[in-house]
Amino acid sequence: EKGELAPKAGRREGVGDYLNILFENKNYRLIFLASVLQQLGTWGNLIACLKIIEGHGGSGVKAATVYFLRSLPSVVLFPIAGYLADKYDRKLVMIASNVLSMLTALSFVILTYTDSLTLLFILIFAKNACSTIYDPAKRAAIPMFVDAKELHIAMTLDGVAWSSMLALGAALGGLMTSSLGLRVCFILDASGYMGSVCCLLFLPQLREECHQEVAAASGASLNLGYAFQNLKKLAREFASDTIVIFNKPSLRVSLLYATMKATGGIVWGPADVLNLKW
């Protein structure tokens with residue numbers, strides 16, 4: 001089955017390969033479009049949330065809380081998300097993640113009828129918690145139908161899509177928020193997840209045979225020991241990589257520059273656009 005998912009090898013390397021993998025590899029095209037649709041409304045949702053914060057006085061602390069709650073699920077749930085992607089059908093994991101994200105995104109419409117910041121913060125955390133499950137499953141699924149020689153092309157395209165949707169989604173979010181209103185912006189965000197689910201439905205099952213055998217042998221019970229071992233391994237690798245980074249001056253400078261640039265863009269960009277008061 002895995003052989004049927006992988007495209008033909010031996011393509012000519014070059015810029016054209018980025019288009020070839022999209023046009024010739026149906027499964028990768030589906031998951032690429034699913035990710036684009038999923039991300040397009042996400043950044044519009046962020047702008048709409050910041051617009052609500054602006055209506056409550058534009059406090060810098062409240063704006064920072066929005067970004068904190070968007071990032072917190074990734075830190076807390078990524079190990080669990082990786083375990084789910086390994087144990088269960090990755091197609092079903094991605095679909096479940098998008099369905100839950102769609103329902104949560106649609107719940108943001110309630111904020112147009114109430115001015116509860118507490119509800120806003122709860123929905124932001126819940127939506128990003130649901131979305132966090134998607135990314136590890138997607139990244140684990142791509143090598144299942146992309147040839148090893150083209151894997152770097154597929155991952156590069158995935159990164160380009162994310163960056164493009166960041167710029168385009170934020171711009172469209174600002175336009176929709178100002179011209180169509182918050183309600184339409186939230187509904188379009190939910191529609192993006194629905195479109196993503198429609199793309200994922202056409203994918204084949206994305207579950208490794210070895211994982212199927214493990215699941216059959218262990219039943220439906222959750223192997224917490226396996227998850228804990230993976231978490232410890234992840235912690236050791238993170239600590240090892242961190243030591244390498246801090247032992248090399250050039251890497252320390254690069255890390256500091258990247259952190260300052262990313263933090264500045266995340267905080268000051270929206271703050272300047274929305275005229276937030278600190």
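How many residues does α6 have, and how far does α6 reach from its first C-alpha to its last? Helix α6 has 16 residues and reaches 22 Å between those two atoms, close to the 22 Å expected at 1.5 Å a residue. The expected span of a helix is 1.5 Å times one less than its number of residues. Helices here are DSSP runs of H or I with at least four residues, numbered from the N terminus.

Before I continue, a word on the source. This is a predicted model, in which local features need pLDDT of at least 70 and side-chain atom pairs count only at pLDDT 80 or more, while totals for chains, interfaces and linings use all residues. Residues are numbered from 1 along each chain as its sequence is written, and side-chain values use heavy atoms, with hydrogens and water left out.

Let us begin at the N-terminal end of α6. Serine 116 caps that end, with a side-chain oxygen 3.1 Å from the backbone nitrogen of leucine 119.

Next, the buried residues; buried means under 20% relative accessible area, exposed over 50%, and partly exposed in between, with a 1.4 Å probe and protein chains only. In α6 they include Leu117, Leu120, Phe121 and Ile124. Among the elements that cover them are α3 (26-55), α4 (60-87) and α9 (182-200).

Asparagine 128 also lies in α6, which spans residues 117-132. Asparagine 128 counts as buried because its relative accessibility is 13%. Its side chain reaches the backbone oxygen of isoleucine 124 at 2.8 Å. Leaving aside neighbours within four places in sequence, asparagine 128 is in contact (heavy atoms within 4.5 Å) with Leu69, Arg70 and Pro73.

I turn now to the aromatic rings. A search of the whole structure finds three aromatic pairs. Rings of Phe, Tyr and Trp (its six-membered ring) pair if their centres lie within 6.5 Å; planes under 30 degrees apart count as stacked, over 60 as edge-to-face and the rest as tilted. Tryptophan 43 and tryptophan 162 form an edge-to-face pair, 5.6 Å centre to centre with 85 degrees between the planes. This pair links distant parts of the chain, since tryptophan 43 is in helix α3 and tryptophan 162 in helix α8 (residues 151-179), 119 residues apart. Tryptophan 43 is buried at 13% relative accessible area, whereas tryptophan 162 counts as partly exposed at 41%.

Phenylalanine 108 and phenylalanine 186 form a tilted pair, 5.3 Å centre to centre with 40 degrees between the planes. Phenylalanine 108 lies in the loop between α5 and α6 and phenylalanine 186 in helix α9, so the pair ties together parts 78 residues apart in sequence. Both residues, phenylalanine 108 and phenylalanine 186, are buried.

Note on methods: A polar contact is a pair of N or O atoms within 3.5 Å; within protein, one must be able to donate a hydrogen and the other to accept it, and residues adjacent in sequence count only if both atoms are side-chain atoms.
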